[in-house]
Structure formats: structure tokens, C-alpha cells
Amino acid sequence: MKGSDFIRAVANRYASQLQLCYPQTLASISLAKTIHSHMITFGFHPRGHLLNRLIDVYSKSSKIIYARHLFDQIPEPDIASRTSLLLAYSLSGDVKTAQKMFEETPLSIRDSVFYNAMITGYSRNEDGNSCIELFRQMLRDEFRPDDFTFTTVLGGLARVFNKVMQCKQLHGLVLKTGTGFFTSVLNALVSVYVNCGLMFEARKLFDEIDTKDELSWTTIVTGYVKNDELDAARELVDGMSEKLAVAWNAMISGYVHCNRYDEAVDMFRKMYFMGIKIDEFAYTSVISCCANAGLFYLGKQVHCYVLRTEAKPTLDFSLPVNNALITLYCKCDKVDWARRIFDNMPVRDIVSWNAILSGYVNAGRIDEGRVFFSKMPERNHLTWNVMISGLAQNGFGEEGLKLFNQMKSEGFRPCDYAFAGAISCCSMLGALENGRQLHAQLVRLGLDSSLSAGNALITMYARCGVVEASNLLFLTMPYLDSVSWNAMIAALGQHGHGIQALELFEQMLEAGISPDRITFLTILSACSHAGLVKESQYYFNLMGRLYGITPGEDHYARLVDVLCRAGKFLEANDVISSMPFEPGAAVWEALLAGCRTHGNVDLGIQAAEQLIELIPHHDGSYVLLSNMYATAGRWNDAANARKLMRDRGVRKEPGCSWVEVENKVHVFLVDDTVHPEVQAVYSYLNKLVPEMKRLGYVPDTKFVLHDIESDQKERVLSAHSEKLAVAFALMRLPRGATVRVFKNLRICGDCHNAFKFMSKVVGREIVVRDAKRFHHFRDSQCSCGDYW
DNA sequence: GTAGGGTTAG
């Protein structure tokens, strides 16, 4: 054998070995390295086709550095090696370098494949306009577009909005160039029509394809799914002779996204029994289905199946499967299970981190959430949104607003969801001015038609005491969903407009929106705040009978609440005994609140004792129990209840009230000595009280629940935090402006009485939001009708 | 050496 023949034989041998590196797997990278190092060890210098092959393998394994190293050793790289490397740069997201490479390649050695590769680069980086531009340049440079060119350009076009015109033009060109005989080109055209929402055109074209391949079928099926025409998609899938897993997977995820969970699970089961291969896509969708539908046991079963199947090695490493499992366990209150999966994952991405973060936050485990947030290697919009709204939901409004600002300063432009979170923070703080500013920013950014932000604003205005603004927003929002209706009904209810709340509910039904369990919770609350006993019973029964919603403990608790507030303890008792489960904390709490209002000491003490047994760390029950004893004059028992509380290390949440004045929040505690202007507040009150007394105000010292001398009691009364905050606001707000004060606990009975007289004396409206509801004091009346 | 479908976090 001659030397040159020998070298050719070795080269062929290497070439056939390199062929084993396709298609790309983890193993093929190390195989390529082995072959390459073999060449180096034996002093073999690859050239020409073999070198291109090596560059191509490295390029495709995202080992661009190796590929580039080899490439730089070639004095005059040919078009094939340039194409491989250019594509590698594009696919790694480095379009700039790819583009540079394209421009540096002389026109004389370019070919159509080279143009196609660059177009692919733009397409993969979602730059549809550059796809078109380069396509035009290709024509100017007098290269013939082929089937690959059209497929790629159309693929790029499918990623841009507003491309109906270009699509039609390209369709024409396809017909002119004769590339319309290629199924791949027609598939790409169908895909663009699909993405324009033109399903009629898409279907017409699909029907005209003589040689439909798998992709033709999956394109049209997924097209229907994307355009929410699930039934049309299903009809095609059922009629297909070949069972394509891709089409079935698309159906499953489509059903999940439309909340059609039964059909999703059904489809998955059929897939299994028909022997269609279940891959990571199907598993991911069905697990996500279980997460959304709360199907814990089925989800766990699928998880077990994943662990047992022969595909386990690949599924174990599958990011989407693991991420879906994290969400499944988070949504089923098993955050620690989710965490274990997270900890065992060999590779994690931002989705995994966000999933756990939202798990912690939604479970109220905000401390762990904070730690997790601070440790995240990467954050995106969702990360911030989850954290901000999580802080809002867990009572950390101030921190949430700080985070919102931090988000902006770190260069993230908040979207409507972030605004919704920040607005919720304002809701809980009662930070009306701040909330108004956020509203203004939304309008400026053109985000004010957003549903999530709008719904948050409805709640914010209501929770800040301006229910009229909520109503105005509700009436002018371009789109409403059930959350909007629920928010508005709740807003009316909190402010004591029970009848209007019920009227709105009827309008909701007329608008064709189906009520959910939240709707009925807000309805029952509204009835409670307005004392609408008959109505509450009516809607409670309606919920199950007409809408098939099984009342939960929370619904029962609210019904009990309405009855107890009306003093109907016997009926409340009947409701409790009719419950299909043991009464929990919410029910006892409702009972206790009613007993407190009506001075039903015996029953109240029973309820409080049950409550203390159920949640021994909750301060309110001890305080109420102690207060009940005190009301009955049983000071020893009262003291014992407080002692029990101390012995168990339970601290009473101190009463505090706050008010926004000149865009600053002023906080007052009981007997406050901290606020810089508190002395002025006390002397203002001392001037006001005699005037109130002239109108008939008698300080009601029974609300001072310490066993002290009665002359001191009146002084303690006037130092209540809500009185201080109201007085401060009266002093500092412009003449005639409505006072809006917030309190973390329920308003004290004497303060409630005092504010009625105060509103008359100063001729202004005083609005107080306490832990339960709103009180509008106007002209010696309160909107709650002394019913709270 | 170039194309195209289905998955996960609020």
C-alpha cells in the first residue's frame, strides 16, 4: 500500500468513527474528544473534509472553543467549516460573532447553504426582521433561495407579530419559485398562518398538501391548540391513522392550559394503554395538570411511574419534569418534598428556583423565601413578582414596596404583575397616596388596561377607604374577570354596602360570569357586615344547589358569623352541628366574636377555650377570653387567662394605628410617647372631648379591661392608638378632608362611640379600617350601624 | 455544512 493510500484509509476510518458522534448526545462529545486526541497522539493532521467534520461535531456539542481553535489553524477555511462555526455561534446566542463571520466571508466563496445558516441564526434568536432582510439581500446577491431558505425564513417569520402581509408575499414567491412542491415549505407556511391566528387559511393549505408528513399533522394539530380550538384539534388527532406522540402531547398541554383537567388525564391514560411512547413532554404536562387540579395522589402515582420506567435515566435529568414535580408538591402543601427534589437535581434553571420560591412564599414560609431569594444565582421578572406579591400577602407591605423599588434600580422594568404586587402592598398598608402614584405610573406606561393590575387597584382603593374609586375603576375597566367581580363585591361588603354587594352579584350572573367559592365567601362576608341574615342563608344554600360548590369550613364560619352577630346562637349551633366535619378555628372564632358583641359570656368562654386548644400560639383567643371574663367582672379569671398566655410565651400583638399625612405614614401605639407630635395630639384631644361630651358622649370605661381605678380609666381610653391617629389627622390634614385611619386590631367600642361624636363636632368624615371592616363616621352615625 | 412540531415557574 502506498503512503498516500494508507493516510486516506486512516482518514476514512476516523471519518466513519466521527459519524458515530451523530446525533448529538452527552456520550458523543467525549467520543469526539477521544477520536481527536487519538489523532494528536498518532501525529495525524486532519485536513479538508475530516477537519470540517471535527469542527462540526464540536460546534454541535456547544464546544465552540474547540471548534474555533481548529478553525483558526486553517489558512483558508472553506465554506463548510465556516457554516458549522457560524451556526454554532448563532445557536449559543452570540449572533454578533456569527454576523461578523458572515460579513467577513467573501462573496465569491459563499453559497446558499451559508445564507440559510445565517438566516437560521436570526430565526433562532427571534429576530424575524433580520431573517427577511437577509433573505432580500440573498436575492440581491443573486443566490437562489431553495426549500431550506423558505422553510427557515417562514420559521423566523412565525416568531414575529404582524406578519400577515409578509406571509402572503412569501406564499406568492414560494409558488413562483416552485418550492411549493416541498412538504417542508408548505408546513412552514401553515405554521405562519397558524401564528397569525388564520386557522381557516392554515387548514385550507394543510388540506392541499399531497404528501403530508408527520410535521404537517403536528403543525395543524398544535395550530388548533394554540388558537384555543381544542375540539377541532381533537377531531384531527382521533382521525389520524398514525399515533404521533407530539400531537398527543400538544393536546394534553392544551387541555391543561384551558383547565380541562379530566380530558388531559384521559388523554394521558389512553396514550398509555395504546402503547404510544410517553416521553418527558407528556410526563411534564400531566404532572403540571395534577399540580393545577390539586390531584395529589395521581401526581404522586405518575412520579412513582417516572422513577420505575426504563426511561428513568433521561427523565431523572429532565429539567421540565423535575420542575413540574416541584410545582406539584408545592401546590399540594408538600414544600419540603419539593425542596428534596430541587436539592437532588444535577442541574437547575431559573424555573426550578422560581418554583421553590413561590412554594415557600405561598405557604407563608416567608423567612425561608427571603433566604432563598437572596441566594438565587439568577433572577428574572417572575422572581421579583413572586417575592413582591408574596410579601404583600404575608403582611410585609413596606418590605414589598422596597423590593419593588429595588427591582427598578436593578434594571428590571416592572410589568403589570409587579405593579399588582406593589399595589397589594399599598392595600394592606393603607398607603393611598403611594397606591395612587402607582396607578398614575400604570397609566403613563399604558399598562392600565391590565386585568391583574386593575383588580389589585379595585382592592387597593377599597382597602384604603375610597370605595367610590374602586367602583369607578370597576365601571371603566376594559376587561373584567371573576376576580374583578369578586374584588368589587368584597369592596362593597367591607364598607357595609351589603345590599349593593348582593345586587352586584346578581349583575355578575347576568353578565354570564360563573361565581366561584371566593365569590360566595365575599357574599357571606358582605351579609355579615350588613346584618343580612336571611340573605346569607339563601346564598349559602344557593352555592351548593345551583353551582355545585361544596361549602368549606370558611363558608360555614362566615354563616355562623352572620348568625352570631345577629344574636341567633341557636341557629348558629344548628349550622355547626350540620357541618360534615369538626368545627375548626374559623368557626370558633366567629362564635366568639358574636358572643363578645352580645355579651354571651358562657358560650364565649367555651368558644375561646376551644380556640386556645386548637391554636395555642394565637394571641387573640387569650385576649378575648380574658376580656370576656373581665366583662363579666371576673377579674381573677381574666388575670389567669393572661397568665396562661404569658406562661406559654404568647405575646399580645400590640394595638397600633396609622394614618397617611402628606405622603408619610404616621404610626401611633397605645399611650404613645414616641411620635414627635404626640403632646400636641393629647392637648388637641383634651380640647375636643368636652365638646363631644356636650353632645352626649359618655366615655365607656367598660372597654378598659384592666382592674384599675375608674378615674384612671378615662385617661387610658383617650390614649388608644386609634384616637391618637384620628386626632393627629384632624390636626394636620387640610380643612374638611376625609380622615382615613387604619388599625391592626378591631376598633375599641369606646373609640367607635367617640368618633361618632367627633365627626359631628368637627363636621368631617372619619373613616377607620380595622382588622375586620370599614367604619365611616359621618354626622354622629357610623356606616356599620353599630354592627361589627 | 443549512429547516420545521409538543414540556416547566405567578
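Me: Is Asp 343 buried, partly exposed or exposed?
Reply: This is a predicted model, to start with. In it, Asp 343 is partly exposed, at a relative accessible area of 42%.

Me: What does its side chain pair with in a salt bridge?
Reply: Arg 339 is the partner of Asp 343, at 3.1 Å from N to O. Both residues sit in helix α21, four residues apart, about one turn of the helix. Arg 339 is partly exposed too, with a relative accessible area of 24%.

Me: How many salt bridges does the structure hold?
Reply: The count is 29. Another one joins Glu 208 and Lys 204, with the closest N and O atoms 3.7 Å apart. That pair lies in helix α12 (residues 199–208), again four residues apart, about one turn of the helix. Glu 208 is partly exposed at 48% relative accessibility, and Lys 204 is partly exposed at 47%.

Me: Which parts does the Glu 662 and Arg 732 pair tie together?
Reply: Glu 662 and Arg 732 form a salt bridge, with their closest N and O atoms 3.4 Å apart. Glu 662 is in the loop between β1 and β2, and Arg 732 is in helix α42 (residues 721–732), so the bridge ties together parts 70 residues apart in sequence. Arg 732 counts as partly exposed, at 27% relative accessibility.

Me: Which residues are linked in a network of salt bridges?
Reply: Asp 231, Arg 260 and Glu 263 are linked that way.

Me: Switching to rings. How many aromatic pairs are there?
Reply: The structure holds 33. One of them is Tyr 272 with Phe 273, an edge-to-face pair at 5.2 Å centre to centre and 75 degrees between the planes. Phe 273 is exposed at 67%, whereas Tyr 272 is partly exposed at 41%.

Me: Which residues do ring pairs link into a cluster?
Reply: Phe 268, Tyr 272, Phe 273, Tyr 283 and Tyr 305.

Me: Where does the charged end of Lys 212 sit?
Reply: Over the ring of Phe 206, 5.0 Å from its centre. Arg 370 likewise lies over the face of Phe 396, at 4.7 Å from the ring centre.

Me: Which residues form a nonpolar patch on the surface?
Reply: Val 665, Val 667 and Leu 669 do, with about 220 Å² of accessible area together. Val 665 is in strand β2. Its relative accessible area is 39%, so Val 665 is partly exposed.

Me: Zooming out. What is the secondary structure of chain A?
Reply: Chain A has 43 helices and six strands. Its radius of gyration is 35 Å, well over the 28 Å that the globule rule gives for 788 residues, so chain A is more spread out than a compact globule. The C-alpha atoms fill a box of roughly 120 × 55 × 55 Å along the principal axes.

Me: What share of chain A is buried?
Reply: Buried residues make up 49% of the 788. Ala 641 is one example, buried at 6%, in helix α39 (residues 635–647).

Me: How far apart are Ala 641 and Ile 109?
Reply: 92 Å in space, C-alpha to C-alpha, and 532 residues in sequence. For Val 678 and Val 533, the values are 43 Å and 145 residues. Val 678 lies in helix α40 (residues 678–694) and is buried at 3% relative accessibility.

How values were computed:
Residues are numbered from 1 along each chain as its sequence is written. Chains are lettered from A and ligands numbered from 1 in the order in which they are written. This is a predicted model: local features need pLDDT of at least 70, side-chain atom pairs count only at pLDDT 80 or more; totals for chains, interfaces and linings use all residues. Side-chain values use heavy atoms; hydrogens and water are left out. Rings of Phe, Tyr and Trp (its six-membered ring) pair if their centres lie within 6.5 Å; planes under 30 degrees apart count as stacked, over 60 as edge-to-face and the rest as tilted. Buried means under 20% relative accessible area, exposed over 50%, partly exposed in between (1.4 Å probe, protein chains only). A charge sits over a ring if NZ of Lys or CZ of Arg is within 6 Å of the ring centre and within 35 degrees of the ring normal. Patches are made of residues with over 30% relative accessible area and no salt bridge: like charges are joined within 9 Å, nonpolar side chains (Val, Leu, Ile, Met, Phe, Trp, Tyr) within 5 Å. Accessible areas come from the Shrake-Rupley method with a 1.4 Å probe; for residues, only the protein chains shown count as cover. A salt bridge is a side-chain nitrogen of Lys or Arg within 4 Å of a carboxyl oxygen of Asp or Glu. Helices (H or I, at least four residues) and strands (E, at least two) are DSSP runs, numbered from the N terminus. The radius of gyration is taken over C-alpha atoms; the globule rule is 2.2 Å times the number of residues to the power 0.38.
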